[in-house]
Amino acid sequence: MSAPLIVLLPGDGIGPEIVAAARRLLEALGEFEFTEHPMGGCSIDAHGTALTEEVLAACRAADAVLLGAVGGPKWDTTDPDAPRPEQGLLGLRKGMGLYANLRPVRPSPALVGASPLRPDVIAGTDLLVVRELTGGIYFGESGRDGDVAHDTCEYSAAEVERIARVGFEAAQRRAAGADRKPRVTSVDKANVLETSRLWREVVGRVAPEYPDVELDHLLVDNAAMQLVSRPADFDVIVTENLFGDILSDESAMLTGSLGMLPSASLGAEGEPGLFEPVHGSAPDIAGQGVANPLATFLSAAMMLRHGLDRADDAARVEAAVDTVLESGLRTPDLSAAGESTVGTGEVTDAVLAAL
Ligand code: IPM
Ligand code: MG
């Protein structure tokens with residue numbers, strides 16, 4: 001059997017540093033073949049577009065794709081005709097058919113103090129946002145006519161059904177072996193939007209196929225509120241693209257350590273997934289060797305589990321990250337005032353040693 005082929009897309013800002021660290025981690029775990037390609041701002045500089053056809057083809061042919069981060073002030077623009085780094089990300093999602101975005105939020109026990117919420121509110125929080133990633137207003141018809149602009153939100157029952165299944169199945173998987181009932185919270189705006197009424201109807205229609213899973217529906221404004229008032233009550237949240245974008249940032253901040261959160265974007269069974277940290281490219285600290293690589297390591301763990309069928313290795317990485325945090329090592333983003341800090345290289349060495 002040949003070694004799995006992993007496409008690395010380091011991207012911009014701190015992306016190259018954290019992806020290089022993740023490559024060291026993966027090389028310590030086993031035999032992988034790597035190829036590296038530009039995507040995002042660096043690709044705009046080199047090719048005039050954030051994602052070339054060649055890079056998309058390389059990603060589609062891989063076993064999995066690991067992405068650092070894209071974007072930076074250099075490419076910020078409101079000119080509708082200028083290329084933007086995010087177009088690379090959206091192009092990959094659509095081009096690879098990555099319709100399911102999984103963003104787990106579990107405050108690391110050693111970092112509970114970093115949450116902006118009171119310890120008694122955040123205690124026990126362990127949730128997963130399942131965000132629909134290739135439909136809705138992100139990909140609907142849009143346009144501008146003088147002073148008037150529009151973006152269209154469209155969903156088909158088939159699109160809602162497949163993401164609902166991802167949510168129900170994830171809830172079952174998370175509860176397996178645990179002494180609790182799996183729960184899915186479907187989030188929509190059914191009191192206003194027709195797409196949301198379809199969403200609610202379809203999710204309700206799929207639910208009886210998962211009789212062990214408890215389902216409730218929340219309106220998105222209410223969900224935003226409940227997420228900060230009782231985060232520990234959530235299990236799996238399943239929602240459409242735009243609501244998922246917003247709620248996943250809110251959920252990420254529950255932990256207070258954005259630098260710790262991984263994500264997976266998955267497509268059809270057997271197709272390669274895309275794995276990336278939730279944080280951005282942090283251009284202000286790029287090139288200084290102080291970027292926190294842990295979210296990328298945890299994304300690599302998701303890649304091992306969901307993309308490469310190596311759940312044991314994934315668990316080893318996750319345990320090693322916990323061990324290193326418990327030992328007190330902190331990159332600057334995780335440190336309290338006055339605490340001493342270490343750089344990307346030292347944290348990586350420590351994780352490798354803890355494996
Ligand atoms: C995310 C990001 C992207 C999104 C941007 C960069 C296009 O915010 O992955 O959540 O809105 O989906
Ligand atoms: Mg976002």
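Which domains does the domain assignment of the protein give?

## Model and domains

The assignment gives domain 1 (1–101 + 270–355) and domain 2 (116–255), with bounds taken from an automatic or database domain assignment. This is a predicted model, in which local features need pLDDT of at least 70 and side-chain atom pairs count only at pLDDT 80 or more, while totals for chains, interfaces and linings use all residues. Residues are numbered from 1 along each chain as its sequence is written, chains are lettered from A and ligands numbered from 1 in the order in which they are written, and side-chain values use heavy atoms, with hydrogens and water left out.

## Between the domains

The C-alpha centres of domain 1 and domain 2 are 25 Å apart. Contact (heavy atoms within 4.5 Å) joins 10 residues of domain 1 to 13 residues of domain 2.

About 1100 Å² is buried between domain 1 and domain 2, 65% of it on carbon and sulfur atoms; buried area is the accessible area (1.4 Å probe) that two parts lose on being put together, summed over both. On the domain 1 side, Arg93, Tyr99 and Asn101 lose the most area to domain 2, together 56% of what that side buries. Salt bridges (a side-chain nitrogen of Lys or Arg within 4 Å of a carboxyl oxygen of Asp or Glu) between the two domains number 0.

## The largest pocket

A pocket is an open set of points on a 1 Å grid over the protein atoms alone, with protein on both sides within 12 Å along at least five of seven lines, and its lining residues have an atom within 4 Å of a point. The volume of the largest pocket, about 830 Å³, is the space filled by probe spheres set on the points, which are joined across faces, edges and corners. Of its 32 lining residues, Arg84, Glu86, Leu89, Leu90 and Tyr138 are the closest to the centre.

Helix H4 gives the largest share of this lining, 4 residues. Helices (H or I, at least four residues) and strands (E, at least two) are DSSP runs, numbered from the N terminus. Domain 1 and domain 2 each supply at least three residues to the lining of the largest pocket.

## The largest cavity

A cavity is a set of grid points where a 1.4 Å probe fits but cannot get out. There is 1 cavity of 30 Å³ or more. Its lining consists of Arg106, Pro107, Ser108, Thr255, Ser257, Met260 and Leu261.

## Salt bridges

The count of salt bridges is 21. In one of them, the side chains of Asp45 and Lys74 meet at 2.6 Å, N to O. Asp45 lies in helix H2 (residues 41–47) and Lys74 in the loop between S3 and H4, so this pair ties together parts 29 residues apart in sequence.
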